There are 2 protein chains.
Amino acid sequence: MIPYKQMTAEELLTEKNRLDEAYQEFKGQGLKLDMSRGKPSPEQLDLSMGMLDVLTSSDVLKCEDGLDARNYGLLDGIPEAKELYAEILGVRTDEVIIGGNSSLNMMYDTITRAMMFGFYDSPRPWKDERKVKCLCPAPGYDRHFAISELFGIEMINIPMSPQGPDMDLVEKLAAEDESIKFIWCVPMYSNPQGITYSDETVRRFARMKTAAPDFKIIWDNAYCVHHLTQTPDQLLSLMDECKKIGTESRVFIFASMSKISFPGAGIAAMAATKENLSFLKKQMSIQTIGFDKIKQLRHVKFFHNAQGVYEHMQKHRKVLEPKFQMVLSVLEREIKPLEIAEWHAPNGGYFISLDTMDGCAKRVVALCREAGVVMTEAGATYPYGKDPHDSNIRIAPTYPSVSELEQAMELFCLCIRLASLEKLLLG
Amino acid sequence: MIPYKQMTAEELLTEKNRLDEAYQEFKGQGLKLDMSRGKPSPEQLDLSMGMLDVLTSSDVLKCEDGLDARNYGLLDGIPEAKELYAEILGVRTDEVIIGGNSSLNMMYDTITRAMMFGFYDSPRPWKDERKVKCLCPAPGYDRHFAISELFGIEMINIPMSPQGPDMDLVEKLAAEDESIKFIWCVPMYSNPQGITYSDETVRRFARMKTAAPDFKIIWDNAYCVHHLTQTPDQLLSLMDECKKIGTESRVFIFASMSKISFPGAGIAAMAATKENLSFLKKQMSIQTIGFDKIKQLRHVKFFHNAQGVYEHMQKHRKVLEPKFQMVLSVLEREIKPLEIAEWHAPNGGYFISLDTMDGCAKRVVALCREAGVVMTEAGATYPYGKDPHDSNIRIAPTYPSVSELEQAMELFCLCIRLASLEKLLLG
């Protein structure tokens with residue numbers, strides 16, 4: 001195998017004809033695989049089934065502080081759940097709110113409240129600003145971008161490097177434009193690249209000047225305990241760094257148990273300063289009397305503490321690591337020598353993201369779909385669904401079995417090769 | 001006992017001195033009782049403990065349609081939960097969304113979305129209207145009013161009669177003022193009076209002309225199955241009545257299991273036309289991937305169907321009926337002959353509401369608190385916390401035991417008498 005770019009036109013054509021045939025064969029197999037969303041596999045869900053047994057009708061459902069978890073009360077969560085999440089997120093217990101089942105919903109609510117009422121340090125509700133913009137490290141999480149788009153918040157792309165977002169650009173834009181109100185971040189094992197922000201990146205987030213007095217960092221720490229290798233990444237605490245210089249009011253941290261216990265049946269959490277939370281709680285107390293405390297108690301009884309969560313995540317790792325290795329080894333074998341795509345081998349998270357040659361991603365995803373393998377829509381990892389280079393594809397290896405994954409990856413690599421050949425031949 | 005208004009000043013004074021002494025004795029007892037919120041008692045919560053046993057680690061958590069309830073998916077709820085609630089609410093399955101744990105949160109979200117985006121039949125988002133107003137049958141539910149107030153929506157009081165809201169006034173205002181966008185209703189066993197809207201009231205809601213093209217009826221059917229006597233009220237189906245004349249786009253029905261299974265750990269539901277729901281779901285799909293389907297399944301496995309819910313509510317009735325009877329019998333004995341207050345004996349719901357003589361409610365509640373019994377704040381049942389007559393008090397008899405309730409009611413009646421005597425003596 002030699003790099004495609006070193007091949008003559010004739011060689012490229014021969015290669016293409018050969019692969020076209022292989023592709024037609026794949027189509028004949030009638031594959032039906034979905035690698036589009038970051039869903040845990042049934043085997044992973046089985047890991048948490050014991051949670052269904054930890055509370056029974058013969059248990060007393062009292063919280064640590066004596067409150068009956070079965071009745072109304074406690075807007076911000078039961079004390080033991082707040083303690084558990086405080087430890088995981090590296091914040092104080094009084095900086096945590098335990099919410100419903102979805103951190104996405106908590107982020108949506110946070111932006112909604114900002115639009116309607118602003119934050120405690122906002123000059124006015126964001127809906128009354130002439131313009132609201134946000135910074136979007138990209139490729140990023142499509143559901144973040146969808147929230148911004150729904151509220152008409154203008155999104156600005158920030159390129160990603162292996163250290164995190166391009167901080168030169170983040171600092172420059174945030175300092176000069178007061179309509180830039182926040183930034184979406186997945187700081188650990190980022191979606192989709194699996195990049196963890198470097199210590200220097202975190203420190204620059206803490207230090208940076210912002211023209212907006214109410215600038216917020218939406219720190220979606222979705223994969224904070226989702227390690228996949230023996231050499232896990234380390235993320236510096238943004239809250240601690242900000243506290244050192246008094247910028248902690250910009251920090252809003254989110255996380256959930258959806259990929260720890262059960263998607264949609266886990267518990268979600270957010271963390272921010274007491275000042276931020278006390279302002280929010282006034283509005284939250286109008287929105288709801290409180291979230292599901294029995295489910296909170298069930299999680300605490302099952303995991304006991306943060307250490308219990310870390311140990312549980314090792315079981316997930318056992319299921320997931322071979323899948324990620326399969327994806328990476330097929331890419332290594334089939335694509336690397338051809339020099340037609342690049343990727344990062346992540347130490348955790350839920351995705352592997354691959355960059356094709358410019359202008360090939362849509363074509364690769366279309367070829368895959370035609371042969372029965374659904375990938376995340378090309379472009380979805382960028383604001384407005386527009387990948388400026390049409391090169392990024394998100395691979396979600398968690399749901400299929402290892403053998404399904406092998407099949408799907410064989411096809412995927414074939415499609416990358418075909419799309420690249422088309423590009424090189426047609427220019 | 002003769003009516004106070006027939007007493008001479010001297011007789012009133014003698015009575016007051018006698019009761020002052022009794023009041024001081026009560027204060028000496030160091031009572032500590034809370035009749036302020038509609039909380040189920042521990043005995044009621046025990047009724048649903050079996051729900052903790054219906055799903056265990058050895059169960060397969062598949063929905064009716066084969067979907068794994070443990071994983072992501074199904075924005076609007078599992079089919080069997082939708083069927084259950086469709087039957088309870090008298091609507092079609094495709095007119096139901098099963099939400100999180102709180103119908104209050106679903107109502108809040110509905111108003112928030114209306115503010116940000118409007119409904120599908122709105123000329124523009126409500127935030128872009130010059131003015132938004134709502135109609136508030138009062139006395140009513142304080143948390144409804146709090147939502148309106150938070151969003152700066154102007155509230156207009158609508159007096160209540162034993163047939164429901166004053167429909168002459170509702171019809172007149174809704175027809176002439178296009179800034180009136182919605183009305184808050186608790187149509188069955190209303191909070192706080194326990195009144196069920198008459199058939200004619202429901203029909204007038206269906207029929208009435210509205211100046212706003214996107215006028216909505218927030219039909220908070222919180223107590224739809226919460227019967228307390230052998231002669232339960234019947235509520236005509238608003239959806240059916242509206243469909244007869246094509247006004248069904250105004251109907252938004254809400255309910256929850258919080259006072260059926262566990263407060264905060266139940267499931268909530270809303271119902272509206274398919275057109276309304278499909279518009280909402282577009283926004284909901286940005287807000288969340290879905291709600292807790294394991295909890296939905298747990299509820300269906302425990303109740304089986306609507307009939308199972310009705311039977312379960314009979315168990316609640318067994319606990320609650322003696323408490324309501326206690327409240328009513330003490331009022332009957334201690335207050336009725338004196339002609340200083342009025343109330344309605346409800347066939348269901350969670351409250352009894354009492355109207356003192358004008359200008360006495362705050363004083364009664366203050367006297368109670370001073371002697372150790374916390375009642376709902378006087379005025380709370382009116383928009384902006386302002387009872388124009390200072391006469392309405394909400395009694396929540398569900399949480400205390402029957403014997404505690406007897407003590408609390410003795411004190412409460414004493415305080416009504418004292419406040420009335422003060423009023424009559426000082427004018």
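Author: Quick term first: helices (H or I, at least four residues) and strands (E, at least two) are DSSP runs, numbered from the N terminus. This is a predicted model, where local features need pLDDT of at least 70, side-chain atom pairs count only at pLDDT 80 or more, and totals for chains, interfaces and linings use all residues. Residues are numbered from 1 along each chain as its sequence is written, while chains are lettered from A and ligands numbered from 1 in the order in which they are written.

Reader: Where does B:Tyr189 sit?

Author: Look in chain B, in the loop between strand S6 (180-185) and helix H7 (199-207). Phi of B:Tyr189 is near 45°, so a positive value, and the residue is not a glycine.

Reader: Why does B:Tyr189 count as buried?

Author: Buried takes 20 or more other C-beta atoms within 10 Å of the residue's own (12 or fewer is exposed, in between is partly exposed, and C-beta atoms are placed from the backbone). B:Tyr189 has 27 such neighbours inside 10 Å, so buried it is.

Reader: And what makes A:Leu74 buried?

Author: A:Leu74 has 21 C-beta neighbours inside 10 Å, and therefore counts as buried. A:Leu74 belongs to the loop between helix H2 (42-46) and helix H3 (79-89) of chain A. Its phi is positive, about 65°, although A:Leu74 is not a glycine.

Reader: Which residues does the cis peptide bond in chain A join?

Author: A:Ala138 and A:Pro139, with omega about 10°. A:Pro139 lies in the loop between strand S3 (133-138) and helix H5 (142-150). Over in chain B, the bond from B:Ala138 to B:Pro139 is cis too, omega near 10°.
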